[in-house]
Amino acid sequence: MSNDDDEFSGVLGIALRERVSDSYPDFDHLIASSLRQGTRLRKRRRAGFALAIAASVAGIGVAGVLLLPTAQRADKVPDYASSPRPTDTSSCALIDDTRSPDSDAGYGTESPQEAAAPEVIDLPHSSPELLRSDPAGLACRNGPVGDIPVRLDLPGWTCEPPIRRVEGPSHWMLTCTDSDRRVTITVRDAAERETWIAAADRHSAFASEVHGEFFATIVIANPYQVPNLDFDLAAIDAGLIWK
Amino acid sequence: MTGIDSADEFGEFVHATGARLYRAALLLTGDHFLAEDLTQATYAKVFAAWRRSRVVDNPLAYARKTLLHVYISHRRLRRNTEQAINPDDLAELSLDRDVADDSAARIDVLAALAALSAPDRAVVVLRYWEDRSVTETALDLGITEVAVRTRARRALQRLRPLLEPHERTRS
């Protein structure tokens with residue numbers, strides 16, 4: 001690294017520290033929500049472990065039957081369905097916070113030490129080629145998106161398939177675009193609206209009114225791409241159709 | 001360790017480390033809401049693994065690695081929906097601002113970081129905000145030291161034209 005780089009890196013370090021020196025999270029909310037979410041992760045992990053054991057036991061049983069002589073097997077192997085059941089492949093996507101980072105996309109729950117290094121994680125969901133070629137197939141790999149309670153009906157705007165978040169402070173995420181703008185619409189618990197508004201960055205965010213159990217936040221996908229910060233998020237909110 | 005003890009200890013840990021992790025998340029994501037989500041997801045995973053010995057031994061190190069891992073995984077998931085920022089556009093945007101206004105200059109730091117890829121940004125945050133060594137950064141991110149140096153050099157080359165005009169003007 002050159003002397004210029006050394007000098008600039010020093011300046012950069014100071015600039016970074018100054019930029020965030022007065023930023024603090026809402027500790028009470030952070031602790032409460034992390035405890036709640038972490039407890040759910042623990043339970044889910046235990047359930048998954050029990051399921052894996054049950055599957056292993058069942059697999060051993062099937063293997064044992066298959067290894068029997070044919071004459072004995074005929075008495076013991078149950079009939080199988082003659083044709084597979086149709087599968088619902090409606091457009092869906094789901095981020096499962098409980099999966100390990102090296103198993104699939106989404107937030108990982110296994111320890112970083114156990115997980116593969118970030119550079120080599122295989123994340124099929126994140127592959128643009130795969131998503132372009134078969135978004136529904138990939139999306140449904142992890143389960144149905146469920147009944148998202150809102151859609152955007154605004155001329156010129158289109159939305160990508162919603163993403164379902166299994167864990168976390170939000171439930172669904174929608175990315176919508178028009179010709180040159182892009183927003184992320186996140187459906188959240190109505191109970192979190194006041195907290196969310198208190199922490200809001202007014203330049204790039206908007207919170208809808210509460211609709212039943214939910215409200216939506218609308219955030220410019222990248223505020224720095226939009227020189228005009230008078231981006232009319234209220235107009236997008238007006239285009240939201242709630243069920 | 002009872003559940004209540006565990007929750008109390010965890011609360012103390014969040015109070016002690018929350019600001020630091022949140023600030024790292026803010027630098028990584030460039031957005032307060034995403035930073036909150038990222039911090040919360042990180043602490044949830046830390047709490048889920050709270051009783052494991054390696055977490056107890058050094059919970060901050062575990063939390064830092066988890067934060068980076070969640071961030072990079074999530075960025076990869078969303079990569080197809082986000083567009084890279086053209087540095088020329090950023091430079092134009094930054095020059096439009098009043099460089100004597102400190103708040104405008106502060107915005108430019110986050111805006112400039114947004115021009116970097118997620119792994120490059122993680123390297124910048126670890127090396128120049130956390131003051132982690134090349135070796136420590138490589139361990140945190142699970143990449144080689146050569147990769148850390150390469151990414152750091154590339155990031156500095158990209159950030160320098162975006163940030164230096166302000167520094168010169170202010171000095």
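**Exercise 1. Confidence in chain B**

Find how many contacts beyond four places in sequence the model has for residues 93-107 of chain B, over which pLDDT stays under 50.

*Solution.* Step 1: pLDDT is the predictor's confidence in each residue, on a scale from 0 to 100, and two residues are in contact if their C-beta atoms, placed from the backbone, lie within 7 Å. For residues 93-107 of chain B the model has 15 such contacts beyond four places in sequence. Step 2: residues 166-171 of chain B also stay under 50 in pLDDT, with five contacts beyond four places in sequence.

Step 1: the structure is a predicted model, in which local features need pLDDT of at least 70 and side-chain atom pairs count only at pLDDT 80 or more, while totals for chains, interfaces and linings use all residues. Residues are numbered from 1 along each chain as its sequence is written, and chains are lettered from A and ligands numbered from 1 in the order in which they are written.

Step 2: the average pLDDT of chain B is 78, and 71% of its residues score at least 70. Among its elements, helix α5 (residues 87-96) has the lowest confidence, with a mean of 48, and α7(B) the highest, at 94. For the model, ipTM is 0.76 and pTM is 0.52.

**Exercise 2. The make-up of chain B**

State how many helices and strands chain B has, and what share of its residues counts as buried.

*Solution.* Step 1: counting DSSP runs from the N terminus, with helices (H or I) of at least four residues and strands (E) of at least two, chain B has nine helices and zero strands. Step 2: a residue is buried if 20 or more other C-beta atoms, placed from the backbone, lie within 10 Å of its own, exposed if 12 or fewer, and partly exposed in between; 47% of the 171 residues of chain B count as buried. Step 3: of the contacts in chain B with a separation of 6 or more, 61% join residues 24 or more positions apart.

**Exercise 3. Helices α7 and α8 of chain B**

Classify the packing of α7(B) against α8(B) from the angle at which their axes cross.

*Solution.* Step 1: axes are lines fitted to C-alpha atoms, for helices over the stretch in contact, and angles run from 0 to 180 degrees between N-to-C directions. The axes of α7(B) (residues 118-129) and α8(B) (residues 134-141) come within 10 Å and cross at roughly 140 degrees. Step 2: this angle makes α7(B) oblique to α8(B), given that under 35 degrees counts as roughly parallel, over 145 as roughly antiparallel, 65 to 115 as roughly perpendicular and the rest as oblique. Step 3: B:Ala122, B:Val123, B:Leu126 and B:Arg127 of α7(B) meet B:Thr137, B:Asp140 and B:Leu141 of α8(B).

Step 1: B:Asp131, in the loop between α7 and α8 of chain B, is not a glycine, yet has a positive phi of about 60 degrees. Most residues other than glycine have a negative phi. B:Asp131 counts as exposed because it has 10 C-beta neighbours inside 10 Å.
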